Amino acid sequence: MKLYRTLGAVLALCLLCTAITACGGGEETDTTGSDTVSSQDTVAPATSLTKSAVEIADAVRAEVEFTDAVFVTSDDVDADLTLMFSYGIEEDAQIEAIEDYVLSTLGGKDYPYYFAVIRCKDGTDEATVASIAETVRTSYPATVIAYMAQYNGAWSEVAENFTLMTYDNGIIVTAYDNEGNEEILSLVDCACAQ
C-alpha cells in the first residue's frame, strides 16, 4: 500500500513538472520550416530575458488575464515615476543599468494581481541585478500586501504569495494566484525561447 502511494506521488510530481514547463496555446511553425512544433512541448527554464520587456509582457498577457491591472512601459511619459515611487528604484546605478521595463500598478484597492518585467542592459553585473531584485522585493509587493490587508483581506493571500525571479539580465515579479505564478514564469520561459 505504501509503495502505491509513493509511486502515485512520484507520478504526480512528474506530471506537475511537465505542466509547469509547458506553454499553452495551439501549434506554431518551426522557423526552419521542417515540421510543426506543438507549443505544448516543454521549454527549458530561461536564464536570461532574451526579448524586450514589452514582448515578454505581451506574451504573458495574451495568455493570462490581468483585467484590472494598469501597465506602464519604459517608453511612457512619467514611467520613471512609477519605477521610482512604486517599485523603489531610485539609485542612479540601478536606473542606469535598466534597459527597459513593463510595470503593473494598482488599478484598484481590490485587485492583488500584478506582473512586472525589468530588463537590464548587456554587461550589467550580477550584483546590480540582485540589488534591483531586492529593491523591488521590499517595495512593490509590500505596497500591494498592505493595500489588500487594509481594503480586502480576502485577497491578502494572493498578494503575499508573490514570486520574484532573478535572471542574468533582469527580474520578473508576479502575483497571479496561489498557484498561477508558475504559469506566468512558464509563459516567460516560452517567450524567451522563441
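Modeller: Let's start with a term: on a 1 Å grid over the protein atoms alone, a cavity is a set of points where a 1.4 Å probe fits but cannot get out, and lining residues have an atom within 4 Å of a point. A volume is the space filled by probe spheres set on the points, which are joined across faces, edges and corners. This is a predicted model, where local features need pLDDT of at least 70 and side-chain atom pairs count only at pLDDT 80 or more, while totals for chains, interfaces and linings use all residues. Residues are numbered from 1 along each chain as its sequence is written, and side-chain values use heavy atoms, with hydrogens and water left out.

Colleague: Thanks! What volume does the largest cavity have?

Modeller: About 30 Å³. The structure holds one cavity of 30 Å³ or more. Its lining includes Ala69, Thr105, Leu106 and Gly107, and Tyr111, Pro112, Tyr113, Tyr114, Tyr140 and Val144 also line the cavity.

Colleague: How many residues of each class are in that lining?

Modeller: Eight are nonpolar, two are polar and none is charged. Here Ala, Val, Leu, Ile, Met, Phe, Trp, Tyr, Cys and Pro count as nonpolar, Asp, Glu, Lys and Arg as charged, and the others, Gly among them, as polar.

Colleague: Let's step back to the fold. How many helices and strands does the protein have?

Modeller: Helices (H or I, at least four residues) and strands (E, at least two) are DSSP runs, numbered from the N terminus. This protein has seven helices and seven strands, in the order α-β-β-α-β-α-α-β-β-α-α-β-β-α from the N terminus on.

Colleague: And what share of the 194 residues is buried?

Modeller: Buried means under 20% relative accessible area, exposed over 50%, partly exposed in between (1.4 Å probe, protein chains only). In this protein, 40% of the 194 residues are buried.

Colleague: Which residues of helix H2 are buried?

Modeller: In H2 (residues 53-63), they are Ala53, Ile56, Ala57 and Val60. These four lie on the same side of H2 because they cover an arc of only 95° around the axis, taken from the directions from the helix axis to the C-beta atoms. They pack against strand E4 (98-105), E5, strand E7 (170-175) and helix H7 (181-193).

Colleague: Is Arg119 buried or exposed?

Modeller: Arg119 sits in strand E5 (residues 114-120) and is buried, at a relative accessible area of 14%. A contact means heavy atoms within 4.5 Å.

Colleague: Which backbone oxygen lies 3.2 Å from a polar atom of the Arg119 side chain?

Modeller: That of Lys51. For a polar contact, look for a pair of N or O atoms within 3.5 Å; within protein, one must be able to donate a hydrogen and the other to accept it, and residues adjacent in sequence count only if both atoms are side-chain atoms. Asn181 counts as buried, at 6% relative accessibility.

Colleague: Where is Asp78 found?

Modeller: Asp78 is in the loop between strand E3 (70-73) and helix H3 (79-85). Although not a glycine, Asp78 has a positive phi of about 65°. With 49% relative accessibility, Asp78 counts as partly exposed.

Notes. On a 1 Å grid over the protein atoms alone, a cavity is a set of points where a 1.4 Å probe fits but cannot get out, and a pocket is an open set with protein on both sides within 12 Å along at least five of seven lines; lining residues have an atom within 4 Å of a point.
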